[in-house]
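Subject: Structure for you to look at

Hi,

Here is the structure I promised to pass on. Please open it and keep it beside this email while you read.

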Amino acid sequence: MESFTPLNEIELNLLSQGSVSEPMRVLQSTDSIDNQSLHEKCKPVDARDPNLKILISRLYATVRDEEKPGVGIAAPQIGINRRVFLAQRLDKKDNPFEFFVNPEIVWYSKVMRVGEEGCLSIPDIYEEVARSLAIQITYYDLEGQHFQEVVEGYTAVILQHEFDHLNGVLFPERIEEQLQEEFFSASPNGELVYRK
Ligand SMILES: [Zn+2]
């Protein structure tokens, strides 16, 4: 059984370089050391660790960086290999960013949608990926309370992309994997697909 440990000294040291509202450097797949780190499987974290607020604040500052804004960011992208990410809720009023601690995707719809994706860690590549139209996700808040939710549409795409980061998977690898699979059209325009 994996232990849900608080952030360690090395992680806190990295997070304390700069103020809590300052963006951090985003690891890039084009850098070999960064790339190796981005491909590691992240460890769960103690959801009640008070220092998680610092991690979330710095993730938020980084994803909202005017120079390079995004709709989601995972902790490993700023060099913290823990199971935490932020995603913009395009399915909610005012599109707030929400954080997900120790998330698990417990159900994926069989029907998938093909859509273009990019990544803050992969410069200049935007390509089509098939993602489940709807998912069921479970996660914790900072009080250690456990939630589960069914999410669909583009927000579900963001959640699947960010969840992949926690397992060291980048979207070009999903495309690579999908090239080996057979998909069947589930809509006349070919936007919706499914695998047998
Ligand atoms: Zn990404």
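Start with the charged residues. Arg89, Asp91, Lys92, Glu98 and Glu149 are linked in a network of salt bridges. Keep in mind that this is a predicted model. In all, the count comes to twelve salt bridges.

Look at one pair from that network. Asp91 forms a salt bridge with Arg89, and their closest N and O atoms are 2.8 Å apart. How exposed are the two partners? Asp91 is partly exposed, with a relative accessible area of 39%. Arg89 is buried, with a relative accessible area of 1%.

Asp34 pairs with Arg25, with 2.9 Å between the closest N and O atoms. Is Asp34 buried or exposed? Asp34 counts as buried because its relative accessibility is 5%, and the cut-off for buried is under 20%. Arg25 is exposed, at 54% relative accessible area. The cut-off there is over 50%. The other salt bridge joins Asp94 and Lys93, where the closest N and O atoms are 3.5 Å apart. Both of these residues are exposed.

Now a charged residue without a salt bridge. Go to helix α3, which covers residues 52-63, and find Arg58. Arg58 is buried, yet it has no salt bridge. What does lie by the side chain of Arg58? The backbone oxygen of Ser19 is 3.2 Å from one of its polar atoms. Leaving out residues up to four places away in sequence, Arg58 also touches a list of others, including Leu14, Leu15, Gln17, Val20, Pro23 and Met24.

Next, the nonpolar residues. The largest nonpolar core has 21 residues. Those with the most contacts inside this core are Leu52, Leu55, Leu59, Ile78 and Val84. Which elements give two or more residues to this core? They are α3, β2 (84-88) and β3 (97-108). The largest share, five residues, comes from α3.

Take Leu52 as an example. Neighbours within four places in sequence are set aside here. Leu52 is then in contact with Leu7, Val45, Asp46, Ala47, Val84, Val101 and Leu142. There is also a second, separate core of 14 residues. Among its members are Phe100, Ile137, Tyr139 and Phe163.

Last, the strands. Strand β6 spans residues 134-140, and five of its seven residues are buried, so β6 is largely enclosed by the rest of the structure. How many bridges join β3 to β6? There are five, and the two strands run antiparallel.

Strand β7 covers residues 146-152. Seven bridges join β6 to β7, and these strands run antiparallel too. Ala134 stands opposite Glu152 in β7. The hairpin of β6 and β7 has five residues between the strands. In that hairpin, Gly144 takes a positive phi near 85°.

While you have the strands on screen, follow the side chains. In a regular strand they alternate between the two faces of the sheet.

Best wishes

Notes
Residues are numbered from 1 along each chain as its sequence is written. This is a predicted model: local features need pLDDT of at least 70, side-chain atom pairs count only at pLDDT 80 or more; totals for chains, interfaces and linings use all residues. Side-chain values use heavy atoms; hydrogens and water are left out. Helices (H or I, at least four residues) and strands (E, at least two) are DSSP runs, numbered from the N terminus. Buried means under 20% relative accessible area, exposed over 50%, partly exposed in between (1.4 Å probe, protein chains only). Lys and Arg count as positive and Asp and Glu as negative; His and the chain ends are not counted. A salt bridge is a side-chain nitrogen of Lys or Arg within 4 Å of a carboxyl oxygen of Asp or Glu. A polar contact is a pair of N or O atoms within 3.5 Å; within protein, one must be able to donate a hydrogen and the other to accept it, and residues adjacent in sequence count only if both atoms are side-chain atoms. Contact means heavy atoms within 4.5 Å. A nonpolar core is a set of buried Ala, Val, Leu, Ile, Met, Phe, Trp, Tyr and Cys residues joined through side-chain atoms within 4.5 Å. Two strands pair if DSSP finds at least two bridges between them.
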